[in-house]
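Hi,

Have a look at it first, then read on.

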Amino acid sequence: MSEQPRPPGSPEALREVIARYGLSASKALGQNFILDRQLLARIAAIPGLGEGDSVYEVGPGPGGLTRALLDTGASVTAVERDRRCLPALAELASQYAGRLTLIEGDALKIDERAALGTGVHVVANLPYNVGTALLLSWLETTWPPWWKSLTLMFQKEVAERIVAAPDSNAYGRLTVAAQWRARPAIAMRVSRSAFVPPPKVTSAVVHITPGDSPAGVDPATLADLTRAAFGQRRKMLRSTLKSIPNALNAAIALGIDPQRRAETLSVDQFIALARALA
Ligand code: SAM
């Protein structure tokens, strides 16, 4: 079927951009592009952006989501590791005068607070390993965080771990890290067929906003606790918490039965345990 000619002033189809700039998807860089502009607009709408908002986009690729973000009226700073994408992104920057700033580089090496300031909405469709590493670093940042919201695409199973409830297989370290002082929710599920090329798994967009940091809790102590407790998740606390001085006594003092396993403790119980060890 031949494509209709593009009405004057409307954006070029992303397939044409990809062909014109030779941006065949690289497996090594985890590239699975979304080309459907309606879907991209729905993702860009999740943080509720408007004029004057600042967005940090990680991994813009050929710029489909970037354009959708710019169309909300927000200003975007985008960091992309694949330099092949930069000419296409520079062309986009020229169409949205002064509202798109490009950084060529590895998002894992950026000091976001220094580079972007605070009050920034983060939006990213990233390779899953990079996405999880970045999410953890953004959750572990000094609180209140530099970001105002995180809107991130993950493999569905990872998204489910982020929003999990206790007593489920998905509940674990990532859950506690995401929920103890932030509020995550699954905003949208995205089928494999939405990507080019389609990945092996279904995806989901997670939206996270910061909450208050509970008083008297040292983040490093909480991280040590969840690492020990979930390290061997089939074992009871009386065995897994042994490696942390006083943790078992603190659990007993809080009325937590040492025969329980980590996945039965609520996020509030992990917080209480970390506070008791502070
Ligand atoms: N945002 C585009 C979209 O939604 O169609 C592209 C998504 S693609 C899944 C991931 C993008 O992240 C690729 O363009 C890839 O080059 C880029 N990328 C991968 N690792 C990166 C890193 N460490 N830092 C910055 N960008 C990265």
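How far is an oxygen atom of the ligand from an N or O atom in the side chain of Asn 125? The distance is 2.7 Å, which makes the pair a polar contact (N or O atoms within 3.5 Å; within protein, one atom must be able to donate a hydrogen and the other to accept it, and residues adjacent in sequence count only if both atoms are side-chain atoms). Glu 80 has a side-chain N or O atom 2.5 Å from a ligand oxygen, and for Gln 31 the corresponding distance is 2.9 Å. On its own the ligand would expose 590 Å², and the protein buries 99% of that (Shrake-Rupley areas, 1.4 Å probe).

Before you go further: this is a predicted model, so local features need pLDDT of at least 70 and side-chain atom pairs count only at pLDDT 80 or more, while totals for chains, interfaces and linings use all residues. Numbering starts from 1 along each chain as its sequence is written, and side-chain values use heavy atoms, with hydrogens and water left out.

Back to the site. The shell around the ligand holds 21 residues (each with a heavy atom within 4 Å of it), and the closest are Ile 34, Gly 59, Glu 80, Asp 106 and Asn 125. By type, the shell splits into nine nonpolar, seven polar and five charged residues (Ala, Val, Leu, Ile, Met, Phe, Trp, Tyr, Cys and Pro are nonpolar, Asp, Glu, Lys and Arg charged, the others, Gly among them, polar). Two or more shell residues come from each of β1 (33-34) and β3 (75-80).

Now the chain as a whole. The protein has twelve helices and nine strands (DSSP runs: H or I of at least four residues, E of at least two). Its C-alpha atoms fill a box of roughly 70 × 40 × 30 Å along the principal axes.

- Ser 26 lies in the loop between α1 (14-20) and β1. Its relative accessibility is 18%, so Ser 26 counts as buried. The Ser 26 side chain reaches the backbone nitrogen of Leu 29 at 3.1 Å.
- Ala 44 belongs to helix α2 (residues 37-45) and is buried, at 1% relative accessible area. Leu 69 is 25 residues away from Ala 44 in sequence, yet their C-alpha atoms are 5.3 Å apart.

Cheers

Key: Buried < 20%, exposed > 50% of the residue type's maximum accessible area, 1.4 Å probe, protein only.
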